[in-house]
Structure formats: structure tokens, C-alpha cells
Amino acid sequence: MEKKAVYTEKAPKPIGPYSQAVLVEGGKLLFVSGQIPVDPSTGEVVGGTIEEQAERAIRNILAVVGAAGGSAENVVKVTAFLRDISDYPKFNEVYKKFFSESKPARAVVEVSNLPKSVRIEIECIAVL
């Protein structure tokens, strides 16, 4: 299997030993690592509300997808990790602004904590 790491300055630098994304299957499948609401230009967590943090996290995954040559239309699977599942309706309102036409398959799960104590982390798979 051939795999290639994808990296862009338009998304936060990894905070551990992983790639922002990995491209496989001849450049057709893109696996994007979990992105949290960190501003790539400052390295700082942004927003206090779930809406602000969800928007930044989605912008981060889409920046990585864009670096591989794709867009929101190429995303086929999203997994969102929420620190509080009661944020689900507010998350949906932000999410549908980015994925209104071609809705990916999706899972949303509640977790006890996330890196840097953020409210949300999102990962995705895209087909390019």
C-alpha cells in the first residue's frame, strides 16, 4: 500500500506523532486526523461556545481536505466527538452550513475530555 502524508499551514500543526492526513489508494482516499478548534496562525484554541469551536474545527478539516485537492463535496464520512452531547443541536446548526448539499455519513459521540479541554474534535474521510 502506498501512502502519503498531507500537510498544510492552513490547519493546526499536529500536537502529537501523527499526520494531519494520510492519502492512500493511489491518491483517492484521504483520512483526516482529528482536528480541534485551534487557529492555525496562532496555535491557540478559539471560541468558548460550541458554535465557535465547531466552526473552527470544521474549517480545519476542510483546510486539510483542500490541501489534498478536495472540498466539502469530497467528504464521505465524518466523526465528531463532543464533550457534552447536549451540544448536539447547536453543532448540527453549524455543521449544516458546511455540509448542506452532499451530506456525508456521520457519527457523533460524547467523550469525557478532549485535547486542550476543547468542546469538540472532528475527523473525516474523503474520496478525491
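Predicted model: local features only at pLDDT ≥ 70, side-chain atom pairs only at ≥ 80, totals over all residues.
Helices (H or I, at least four residues) and strands (E, at least two) are DSSP runs, numbered from the N terminus. Two strands count as paired if DSSP finds at least two bridges between them. Strands of a sheet pair through backbone hydrogen bonds, either parallel or antiparallel. Here six strands make an open sheet, in the order β1-β2-β3-β6-β4-β5, and the pairing is mixed. β1 (3-6) and β5 sit at the edges with a single partner strand each, so one side of each has no neighbour in the sheet. From one strand to the next, the twist averages 15 degrees.

Now walk across some of those pairings. β2 and β3 run antiparallel and share four bridges, with Val-22 standing opposite Phe-31 in β3. The hairpin made by these two strands has four residues between them, and Glu-25 takes a positive phi near 55 degrees there. On we go to β3 and β6, which are antiparallel too and joined by five bridges. Of the seven residues in β3, five are buried; that word means under 20% relative accessible area, with exposed meaning over 50% and partly exposed in between (1.4 Å probe, protein chains only). Further along, β4 and β5 run parallel, with six bridges between them, and Val-78 has Arg-106 in β5 as its bridge partner.

Two helices pack on this sheet. Contact here means heavy atoms within 4.5 Å, and angles run from 0 to 180 degrees between N-to-C directions, using axes that are lines fitted to C-alpha atoms (for helices, over the stretch in contact). α1 touches β1, β2, β3, β4 and β6, and its direction makes about 30 degrees with that of β6. α2 touches β4, β5 and β6, and its direction makes about 145 degrees with that of β5.

What about the inside? A nonpolar core is a set of buried Ala, Val, Leu, Ile, Met, Phe, Trp, Tyr and Cys residues joined through side-chain atoms within 4.5 Å. The largest one has 30 residues, and Ile-58, Phe-91, Phe-99 and Ile-122 have the most contacts inside it. At least two residues each come from β2 (21-24), β3 (29-35), α1, β4, α2 and β6. The top contributor is α1, which gives nine residues. To see how parts of the chain come together, take Ile-122: leaving aside neighbours within four places in sequence, its contacts include Gln-35, Ile-58, Val-78 and Phe-91.

Helix α1 also holds Asn-60, which is buried, with a relative accessible area of 0%. Not counting residues up to four places away in sequence, Asn-60 touches several residues, among them Lys-10, Pro-12, Gln-35 and Pro-40.

Finally, the charged pairs. Side chains of opposite charge can pair when their charged atoms come close. A salt bridge is a side-chain nitrogen of Lys or Arg within 4 Å of a carboxyl oxygen of Asp or Glu, and by this rule there are three. One joins Glu-55 to Arg-59, with the closest N and O atoms 2.9 Å apart. Both lie in helix α1 (residues 50-67), four residues apart, or about one turn of the helix. Glu-55 is partly exposed at 28% relative accessibility, as is Arg-59 at 41%.

Another salt bridge links Asp-87 and Arg-119, with the closest N and O atoms 2.8 Å apart. This pair ties together distant parts of the chain, 32 residues apart: Asp-87 is in the loop between β4 (75-82) and α2 (88-98), and Arg-119 is in the loop between β5 (105-110) and β6 (120-127). Asp-87 is buried at 7% relative accessibility, whereas Arg-119 is partly exposed at 24%.

That leaves Glu-93 and Lys-96, whose side chains meet in a salt bridge of 3.2 Å, N to O. They are three residues apart in helix α2, which means about one helical turn separates them.

Definitions and conventions
Residues numbered from 1 in each chain as written. Heavy atoms only, no water.
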